[in-house]
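Please open the structure in your viewer and keep the selection tool at hand.

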Amino acid sequence: MAREDKINTAMVLAAGFGTRMRPITDTIPKPLVRLDGRALIDHALDRLAEAGITRSVVNVHYLADLIETHLQGRPTPEIVVSDERDAVLETGGGVARALPLLGPHPFIVHNSDSVWKDGGRSNVAALTAAWEPHRMDVLLLLARRDRSLGYDGRGDYTLGEDGRLARRPSEGEAAHVYAGVSILNPALFDGIADRAFSLNRIFDKAMAQGRLFGVELNGTWMHVGTPEALADAERFLNEGRRRTA
C-alpha cells in the first residue's frame with residue numbers, strides 16, 4: 001500500500017442501546033461491559049492502536065457521559081467524540097454525521113462489541129493490507145460460521161474466489177458472517193440524505209457496483225450479544241488460557 005493510501009483513522013460505533021444485553025445495560029452502556037477484564041470498547045481501541053491506527057472517532061448516544069468519562073483515560077489512539085445525544089441515527093447515520101471528523105480518505109469502522117481471539121496475526125492489519133482502493137469501496141472482515149462462538153444464524157455473505165461478496169440467498173445459508181469491522185470509502189455516502197439508516201445500505205451500494213469485498217478473519221470470532229453469550233465468551237477465553245498454561 002502506498003504511503004498516501006495508508007489508513008490511520010477509524011470510527012468505533014458506541015451509540016447503541018444494547019437492548020439484548022439487558023439487564024446489564026440498564027445501568028451501563030454496552031461498550032463498557034467488561035470481557036476478560038476490559039471494557040468491550042477497549043478491546044476494539046487497543047486492537048486498532050496495535051494495528052497502527054492513530055486516531056479514532058467514537059460516537060455516543062445512550063449513557064454518553066459514562067463513555068466519554070471512560071475514554072478520557074486512554075492514551076492511544078487519539079479519541080474524538082461524535083455526539084449523537086440529540087438523535088438515534090443507526091449505524092449508517094452515525095457514520096454520516098461523523099464524516100467531517102473522519103476526513104475525505106477511506107477509514108475503518110469497528111463495532112464496539114466486535115471481539116475475537118486472534119489466530120496469530122492482527123486481523124485489523126490484515127484488513128488494511130488487503131485494501132485496494134482502485135477496485136474496492138467497502139472491505140468487510142468476515143468470520144466463518146464454523147469458527148464463531150455464540151452465533152446461530154444462517155450467515156451473511158458468500159465469498160467469491162476473487163474476494164467479492166454476495167448476500168446470502170433469502171432461503172439459504174452462507175459460510176461467512178460480518179464480524180463488525182470494515183473499511184469504507186466515504187464517497188459512498190454522497191447523495192444519501194436520510195438522517196438514520198443502516199450501514200447495510202452502504203454495503204449494498206458497493207455490492208451493486210461490484211466493489212464490495214471481504215477478508216476472512218483468522219481466529220475465533222465471538223458474537224457477544226446477550227448476557228449468556230458474554231458468559232460463554234468469558235469461559236472460552238479462560239479455557240484457552242488454561243490450555244496454554
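**A guided tour**

Select Thr 226, which is found in the loop between β14 (219-223) and α6 (227-244). Helices (H or I, at least four residues) and strands (E, at least two) are DSSP runs, numbered from the N terminus. This is a predicted model, in which local features need pLDDT of at least 70 and side-chain atom pairs count only at pLDDT 80 or more, while totals for chains, interfaces and linings use all residues. Residues are numbered from 1 along each chain as its sequence is written, and side-chain values use heavy atoms, with hydrogens and water left out.

Is Thr 226 buried or exposed? Thr 226 is buried, because its relative accessible area is 17% and buried means under 20% (exposed is over 50%, partly exposed in between; 1.4 Å probe, protein chains only). Next, display Arg 20 and Met 21: leaving aside neighbours within four places in sequence, Thr 226 is in contact with both (heavy atoms within 4.5 Å).

Now select strand β12 (residues 176-184), where nine of nine residues are buried.
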